[in-house]
Amino acid sequence: MCLGIESTAHTFGASLVDSDDRIVTNVNSTYRPPVGVGIHPRKASEHHATVADDVVRTALSTTDGSAIYPDVIAYAAGPGLGPCLRVGATVGRALSAFLKKPLVPVHHGVAHLDIAMSIAKARDPLAVLVSGGHTSILVHVGRKWRVYGETQDITLGNLLDMFAREAKLPSPGGLSVGKEAMKGETLIKLPYTVKGNDVAYSGLLTAAAMSLRRQGNLADLCFSLQETAFSMLSEAVERSLVQTRRSEVLLAGGVAASPRLREMIGSVAEDHSASFHPVPIEYSGDCGAQIACSGRLAFNSGITVSTSDSFVTPRWRMDEVDVPWIPRA
Amino acid sequence: MDTASLTSTPLHRGAEADLSLATIGPWKVVVKRRVRKGYRNQILDQQIRHDRTISEASVIHEAKTAGARVPSIVGVDIENNAIVMTHLAGTVARECLDDMDKSEAQKLLRSIGEQIGLLHTAGIVHGDLTTSNVIVSPSGAPFIVDFGMSRRSVEPEDRGVDLHLLQRSIIASHRQNPSSMMNSMIRGYEEITGKKVASSTWRKAREIARRGRYFAIR
């Protein structure tokens, strides 16, 4: 039984995954900033410290109230907000020392892909990771995920969140923009930037925000922003898929909850006869289960860390992480 | 020019466009048609295909005017987002490079370097320069094709991406010694652009490789 602790950004979560890769418990508490304001790292970390005890306790309880003791403790070591990461790492170290169980550092982005692959039973996909921290197209080569394409500036999650804040829409931005977009009809011309397999979103954000300030129609703007941003990514995914000739396409991360994005990436996969595996919506956003799932796989590959070396890494590229458990059996 | 009435046979299906072969009078031509993408909003889709068709055709023509070996534009069918260009007989470099002996391969790379030099000097960057996008004619002269990702730019960054992508494809897909291949390429490149541009572009290419933004080499 592996306990996973997530605390990279707005969510503090704890989850147990058993030796058959089944999610036994998954308890999460998310800090919500006021409308129009982003995540304040210190305030989010204070939220995490406040709820940590309850979240972990609940995750380690059976339905009849008795306690379950994990064999492995996994914590999200990065990338993320420093103050938030340190809360989860502290809880992980304490439990590991108290229960005398091994500690496993987990890369939050790798974990997004691991849980999506576990649920989809995907083997060796072209992975599309879209969240507030990542916008990357990846394939696994050797022992590592290789970045085939990525954003050159802000992530897709950043784009939607920042635009939502500008428009005074509630967090999470992707959901609010998506809802508003359903009412939009007219496509407004916005910058569309694809460079090879890479995308760039900052110009799109500026143009959309400026149009909003000029009293543009909000529904039409949300519609156009979503269509433009998702089309850019879909095009980069299509190019990568043709070049890598993978037969599976995985879609993971918080923005993977968007029905429109699922539809578009699904259509790209279908056009090139690849199977499409979007992460189930309940596991798309940050959660303890992704860390537990990835932690179990890492532990089985012999990856552990001593308490004195259990650092957090706020900036940590996906292609620097050793991931020997892919292709999956 | 209306390509809809042309009888053509399919040649290749890419990520963005379909290529087919046709005959116009005495010429064998390639029709590159940007196809509708089901995932994309129809208005956005039409706009992108329209803009790129025009930009690609004009870049190819400009490259030709600058003296680079590229296909000749026969016509543009704006209604159908298609470009008609002359068909090039020969072999894709990706497929013939490994069958060459070292001096033959070096000669080819030097000549490819000259072609890239001509493009860069004309203010054009290719944007997707791999050995799959070089066709070697029966006489051994390389032609650069597929300007779908190309742009007008004189930035060292964009020029560096071209050299980097070529190097990546040589490392990833060929058994020839990459550093000897790239040395020959750079010599040809420098002959056209001069020492200053060549060294700044090559420096940039190595920097891009170290960023790890692109796969395969670190």
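**View 1. Chain B comes in two domains.** In this predicted model, chain B splits into domain 1, covering 8–86, and domain 2, covering 91–211. Where they touch, domain 1 of chain B puts in 14 residues and domain 2 of chain B puts in 13 residues. Look for helix α1 (residues 42–65) of chain B here: with six residues, this helix gives the most to the side of domain 1 of chain B that touches domain 2 of chain B. What is that side of domain 1 of chain B made of, by class? Count eight nonpolar, one polar and five charged residues.

View 2. Three strands sit in the order β6-β8-β9 (chain B), and their pairing is antiparallel. The edges belong to β6 (91–92) and β9 (142–144) of chain B; each has a single partner strand, so one side of each is left without a neighbour in the sheet. Zoom in on β6(B) and strand β8 (residues 134–136) of chain B: they run antiparallel and are joined by two bridges. Which residue of β8(B) is the bridge partner of T91(B)? That's V136(B). There's a helix to find as well: α3 (residues 102–121) of chain B packs on the sheet and touches β8 and β9 of chain B. The direction of this helix makes about 35° with that of β9(B).

**View 3. Chain A has two domains too.** Domain 1 of chain A is written in two pieces, 2–112 + 285–320, while domain 2 of chain A takes 124–283. Their C-alpha centres lie 26 Å apart. How many residues of each domain of chain A are in contact with the other? It's 20 residues of domain 1 of chain A and 20 residues of domain 2 of chain A. On the domain 1 side of chain A, the elements giving two or more residues are α3 (108–120) and α9 (288–300) of chain A. The largest share of that side, four residues, comes from α3(A). By class, this side of domain 1 of chain A has nine nonpolar, eight polar and three charged residues.

**View 4. Where chain B meets chain A.** Here the contact takes 15 residues from chain B and 19 residues from chain A. Sort the chain B side by class, and you find seven nonpolar, five polar and three charged residues.

Methods: Residues numbered from 1 in each chain as written. Chains lettered and ligands numbered in written order. Predicted model: local features only at pLDDT ≥ 70, side-chain atom pairs only at ≥ 80, totals over all residues. Domains from an automatic or database assignment. Contact = placed C-beta atoms within 7 Å. Nonpolar A, V, L, I, M, F, W, Y, C, P; charged D, E, K, R; others polar. Pairing = 2+ DSSP bridges. Axes fitted to C-alpha atoms, helices over the stretch in contact; angles between N-to-C directions.
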